[in-house]
Amino acid sequence: MAACLVLGIIVSGCVSRPAINMTKVADDVRAQEIEDMRFGMFICWSFSTFSGREWTLTRDKDASYFRASGCDTDQWCRTAKAAGMNYILFLAKHHDGFCLWDTATTDKKVTRSPLGMDVLGRLRRSCDKYGLKLALYFSEGDWNWPGAVDGKGGAQGGGSNPEVKKAQLKELLTQYGPIEFWWMDHAVGEGGVSHEETVAWMHRFQPNTFVGFNHGAAAGRLCLRERGTAGELGDAGATKYNKEAEQRYKGYLVAEFTYPILPEHEGGADWFYSLPKHDSLCHSAEKIYSDYLGAVRYGNIFSVNVGPNYEGRIRDIDVETLRRVGEMIRSGGNGVGSLTAR
């Protein structure tokens with residue numbers, strides 16, 4: 001142990017992280033734990049950060065396209081803590097197939113980029129340092145896989161590669177500590193593994209992780225409302241893309257809703273860092289705080305999306321806005337009103 005403490009200054013492998021609980025917790029207990037997370041930061045960082053577009057063609061690109069000059073995961077986590085947040089929801093892989101961890105499944109990964117580091121590993125350590133929980137976004141399909149049509153959506157857009165999909169999920173579930181929940185993006189298909197099979201596979205490695213799908217076949221315990229709002233489970237009006245599942249599927253235990261911190265704008269991206277000309281655009285702290293109160297009212301969790309810039313830092317306007325949200329949460333006022341229980 002003493003050797004590890006000394007080497008831990010230099011060798012990241014000695015840094016401890018929360019243990020994975022392989023004993024399944026009762027659904028009602030686990031659902032309450034997820035609900036208590038309440039408010040977090042969704043972070044999208046990938047090829048689209050550098051293309052200035054939401055979806056970025058990938059077949060003609062290798063890892064060098066990811067040209068980040070830095071990566072300040074401590075800044076991300078400090079900002080989240082100041083905002084009164086309890087978790088980070090991090091994009092592990094978008095439809096472009098670029099992996100933000102040191103995967104063995106492809107060379108299109110961040111450790112082969114000029115940045116040359118395992119961003120997810122660094123983020124895990126920052127989350128632990130600042131007392132934040134970790135959740136992951138994962139695109140089920142991948143434009144690099146057999147049968148994929150680069151840049152296209154739908155069931156055939158992301159091709160099929162079931163063994164690689166399963167291998168990537170296993171890596172993420174076994175190498176980075178407990179993952180509280182998963183935001184699975186079905187926009188380019190399921191990658192050759194059905195949603196029910198995907199959930200069963202993931203629970204082999206972490207039985208207490210909650211899995212949600214933004215659309216497609218309903219499965220898992222987490223209801224995802226992409227660009228949605230706060231509301232009771234079963235309220236189809238609270239979701240944009242998942243209305244049928246919200247109405248009919250009975251397996252959901254908790255709902256999450258999310259939207260980008262960037263308001264509507266012309267050109268650029270929404271979920272990723274957009275363009276420098278949009279650096280002055282941001283939803284108001286009052287709006288975000290109001291939606292936080294809605295999450296509390298209905299027992300939802302609320303993930304505000306931000307996109308780190310080319311230097312791997314959250315924009316100044318986002319930092320300041322979220323700091324103000326945190327002040328509102330702590331004071332329970334500022335003209336919006338206070339609500340601490342449903």
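Modeller: A disulfide here is a pair of cysteine sulfur atoms within 2.5 Å. This is a predicted model, with local features needing pLDDT of at least 70, side-chain atom pairs counting only at pLDDT 80 or more, and totals for chains, interfaces and linings using all residues. Residues are numbered from 1 along each chain as its sequence is written, and side-chain values use heavy atoms, leaving out hydrogens and water.

Colleague: Happy to start there! How many disulfides does the structure hold?

Modeller: Take cysteine 44: its sulfur lies 14 Å from the closest cysteine sulfur, in cysteine 71, which is too far for a bond. For cysteine 223 the closest cysteine sulfur is in cysteine 44, 19 Å away, again too far for a bond. The number of disulfides in the structure is zero.

Colleague: Is cysteine 223 buried or exposed?

Modeller: Buried means under 20% relative accessible area, exposed over 50%, and partly exposed in between (1.4 Å probe, protein chains only). Cysteine 223 has 0% relative accessibility, so the class is buried.

Colleague: Now helix H6: how far does it reach from its first C-alpha to its last?

Modeller: Helices (H or I, at least four residues) and strands (E, at least two) are DSSP runs numbered from the N terminus. The expected span is 1.5 Å times one less than the number of residues. H6 covers residues 162-175, 14 residues, and close to the expected 20 Å, its reach is 20 Å.

Colleague: Which strands and helices do the buried residues of H6 pack against?

Modeller: Those buried residues include Val164, Leu169 and Leu172. Contact means heavy atoms within 4.5 Å. The partners are strands S2, S3 and S4 and helices H5 and H7.
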